[in-house]
Amino acid sequence: MMETLKSATLILLVGLSFVQSYFLSYSSPNFDPLVQDEYVKTDRIGSQAVLEDLLFPDQVVLHLGNLQHTVLYRGTADYRMVVEGVNQRSLDGFRKMNLSALNINWDDVRNKQQGIEVKFRDGIPINVLQRVMQLKGEMPLENDTITKIWIFTKETKDEVRTVLFTDIPNLVYEVQKSDISGKDIERFVTEVQKPDASGKEVMIPYKTTNGDYYLPLKPITFAEVRLPFKQFTVDQLKRSFFVDPAITRNLSERDGSEIYTDAKRGLQLKNDQRWMTYSDPVAAATAVDNKEGLQENLLSAVQFVNQHGGWNGVYSLQKVPQRLLPGNQPFIFRQYYGSLPLIDQRMYTLGPMKIIVQKGVVASYERSTIIPDMSSISNKETTIIGGDALDEKLNEYSKKNSVISVFPGYRTVVNDQSMDLIPAWAVELRDGSYEFLE
């Protein structure tokens, strides 16, 4: 009986094998096609950058002596001359001290001595600043944030002193040794005061009340720009941020925004604001605690942008974490065109990039989806007020007592297929927000 059952089972298995072979040989398989485009790496639309490209002062103030000052803006020949000249000189030995211990009359230094103020609006950590300046010797362990570097001659002009100001009130570093000479400063001062080829005076004189900000004594001219643009497409963004774009799901929110997710990462598109927010909470939560420092996290942020759309213009490091604390570290990069930063009061549509890094891994990334078309720019010169007209405008400003800085910037007006960059006087308030005087 048992032998008969085994024989029957064997015959059944052999029969099933013949049937399977028949279908494999003669049937037409129905494969789901693989869409190759969904696995093609996104083309690099924006430019690539290294950290050094993003570290530059927003203003350089030259003190000429005899109560005279002038301000140099990024992109001008005089600005490049001074910044490159300072960056090529070495600053060696940093003595940390209280500002009052220097026993310096800063009003006299500002108004009577020739000197240079290299100003970083929101500050750069000193070990990051070392990437573009010749900072020598033992670096401070605290990695304080440097907001400006003031280099000035003493009354005899033979001796030069250099002081680094930090974001902590009254805390400064005095440089013990430098190869910047009084002749270097005098050369800068002489160059900026030279007339142009026609003999016309081109230097704009500025005034200040307390040194916090400087205002021109006459109107100044910048370019007003119309800039066509296109936008990142959904397919480009999906290919850039998701390993397998084919498995992403799409959700529509009540506010009109679209959310794409592969169950690990998320991408929110606010189409009416032309803004995107990428988040990767899983990667940040599982990142290895390798004691990444601020500079390493900053390098990770720059590399992430390089790999996900690029920079699409000129950017500078605007904000870094106040202090190196455990957890998330937010970095903000401000967009520039020519000499001026783009100021978007709503922090949407155009301007900044915000990146949050945790343990060397990007947890969040916000930016505009606009891609400026630099090949089709149209611009014209326009003048913004200075002198008495600017004083009057500032005195009429309702929040004058909250103003900590006044500077020229671009007001952005975004149209359907182009945007206008309009120079205007901007103010920075104590709460970190920005408004326009005009």
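**Exercise 1. At what angle do the axes of helix α2 and helix α5 cross, and which residues make the contact?**

*Solution.* Helices are DSSP runs of H or I with at least four residues, strands are runs of E with at least two, and both are numbered from the N terminus. Helix α2 covers residues 77–87 and helix α5 covers residues 182–192. Their axes come within 10 Å and cross at roughly 175°; axes are lines fitted to C-alpha atoms, for helices over the stretch in contact, and angles run from 0 to 180 degrees between N-to-C directions.

Angles under 35 degrees count as roughly parallel, over 145 as roughly antiparallel, 65 to 115 as roughly perpendicular and the rest as oblique. Therefore α2 is roughly antiparallel to α5.

Now find the contact, meaning heavy atoms within 4.5 Å. From α2 come Asp78, Met81, Val82 and Gly85, and from α5 come Phe188, Glu191 and Val192.

Finally, sort these residues by class. Ala, Val, Leu, Ile, Met, Phe, Trp, Tyr, Cys and Pro count as nonpolar, Asp, Glu, Lys and Arg as charged, and the others, Gly among them, as polar. The contact has four nonpolar, one polar and two charged residues.

A note on the ground rules: residues are numbered from 1 along each chain, and side-chain values use heavy atoms, leaving out hydrogens and water. In this predicted model, local features need pLDDT of at least 70 and side-chain atom pairs count only at pLDDT 80 or more, while totals for chains, interfaces and linings use all residues.

**Exercise 2. What is the volume of the largest pocket, and which element gives the most to its lining?**

*Solution.* First, the terms. On a 1 Å grid over the protein atoms alone, a cavity is a set of points where a 1.4 Å probe fits but cannot get out, and a pocket is an open set with protein on both sides within 12 Å along at least five of seven lines; lining residues have an atom within 4 Å of a point. Points are joined across faces, edges and corners, and a volume is the space filled by probe spheres set on them.

The largest pocket holds about 1100 Å³. Among its 37 lining residues, Arg121, Thr147, Lys148, Thr166 and Asp212 are the closest to the centre. Strand β23 gives the most, with five residues.

**Exercise 3. Which element gives the most to the lining of the largest cavity?**

*Solution.* The largest cavity has a volume of about 110 Å³. Its lining includes Phe120, Arg121 and Asp122. Strand β4 gives the most, with five residues.
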